[in-house]
Amino acid sequence: MDMGLNNKTALVTGSTKGIGKAIAIELAKEGVNVLINGRNYEEVERIVNEIKTEFPATSPQNATADIVDIQQREALFKKSPTIDILVNSMGIYEIMQFEDIEDEVWEKYFRTNVLAANGLSKFYLPKMLKNNYGRIIFIASEEAIMPSGQMPQYCMTKSMLLSLSKSLSKLTIGKEVTVNTIIPGPTLSENVHQIIDGIYPNEDLTFSEKEKDFMSKNLPQSEIQRFIKPMEIGRLTTFVCSPYATAFKGSPIRMDGGMVPTIF
Ligand SMILES: NC(=O)c1ccc[n+]([C@@H]2O[C@H](COP(=O)([O-])OP(=O)(O)OC[C@H]3O[C@@H](n4cnc5c(N)ncnc54)[C@H](OP(=O)(O)O)[C@@H]3O)[C@@H](O)[C@H]2O)c1
């Protein structure tokens, strides 16, 4: 299906790895010129070249920046003042005990997972409204609506994104601009792959055997009993970016493998 995105420009934050990278690839597949972001210039350049080789009709660009840092964000705005699509995928997560989480850690999570995405949205949304076209997508997590208790500092930030997304959506009334949140469940990023391999050092087991055992013991709520593939989140994000998805306004869009047991 042609998603009607050819020649659009998209900034995907945290796109050198995992979900962000998969989103960038799926957008490039649709002819989108993607701005690849991460903190390491060489790593970003490597992904830009990978995408350019695979999708030569597109013009991927290097958008290296630590987007938590206000000055680096501003340098990025100077370099790329207008975009059609902003995907706020960058986020940090870590299992932590509530008693061990100092105020500085709560603040770090807020700055990294909320303020960075907010700062980018604050810059790009008015331009999208002026052009009467644009898409902003926040990547949250099933932990936003179903906190497991294992990472309260992370869940807080992901719940906040749902609220922020709806508030921004209220500014888009009557416009061809949408702001939505995608809620992935457990997804097989490189990080998650390494964590599973670390839990099962036995090399005789295939990854899918490890995954099956891990899912049944740790994530029995999952109805797919496997990790979601980053490409699946990428494909969904691409659809939400498309002109066919204009009626999604401030929506929390779940692709959680059935993790959340409720209807809404
Ligand atoms: N994986 C899951 O199971 C899962 C499930 C639900 C939701 N999510 C959410 O999905 C998003 C992506 O997760 P993931 O697991 O795919 O992440 P990941 O593999 O850890 O990738 C993180 C990306 O962000 C970049 N990055 C980190 N800090 C940055 C900063 N300050 N400025 C710019 N780039 C930065 C990293 O590159 P550098 O380190 O080189 O900068 C990398 O490209 C996150 O928001 C996460 O909360 C993940």
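Trainee: Which domains divide the protein?

Mentor: This is a predicted model: local features need pLDDT of at least 70, side-chain atom pairs count only at pLDDT 80 or more, and totals for chains, interfaces and linings use all residues. Residues are numbered from 1 along each chain as its sequence is written. Domain bounds come from an automatic or database domain assignment. The protein is split into domain 1 (9–187 + 229–255) and domain 2 (188–227).

Trainee: How many residues of domain 1 are in contact with domain 2?

Mentor: Two residues are in contact if their C-beta atoms, placed from the backbone, lie within 7 Å. The centres of the two domains, taken over C-alpha atoms, are 26 Å apart. Domain 2 brings eight residues to the contact, and domain 1 brings eight.

Trainee: What classes of residue are on the side of domain 1 that touches domain 2?

Mentor: Ala, Val, Leu, Ile, Met, Phe, Trp, Tyr, Cys and Pro count as nonpolar, Asp, Glu, Lys and Arg as charged, and the others, Gly among them, as polar. By that scheme, this side has three nonpolar, three polar and two charged residues.

Trainee: Which residues are closest to the ligand?

Mentor: The shell around the ligand draws at least three residues from each domain. It divides into nine nonpolar, 15 polar and five charged residues. A residue is near a molecule if its C-beta atom, placed from the backbone, lies within 6 Å of it. Of the 29 residues that surround the ligand, the closest are Gly14, Gly18, Arg39, Gly91 and Ser189.

Trainee: Which elements give two or more residues to that shell?

Mentor: Helices (H or I, at least four residues) and strands (E, at least two) are DSSP runs, numbered from the N terminus. The elements that qualify are helix 1 (18–29) and helix 6 (190–199).

Trainee: What is the strand order in the open sheet?

Mentor: Two strands pair if DSSP finds at least two bridges between them. Strand 3 (61–62) and strand 7 (252–255) are the edges, each pairing on one side only. Strand 6 (residues 177–184) runs parallel to strand 7, joined by four bridges. The seven strands pair in parallel, in the order 3-2-1-4-5-6-7.

Trainee: Which residue in strand 7 stands opposite Pro184?

Mentor: Look at the pairing of strand 6 with strand 7, which holds four bridges. Opposite Pro184 stands Met255.

Trainee: What share of the 264 residues is buried?

Mentor: A residue is buried if 20 or more other C-beta atoms lie within 10 Å of its own, exposed if 12 or fewer, and partly exposed in between; C-beta atoms are placed from the backbone. In this protein the buried share is 39%.
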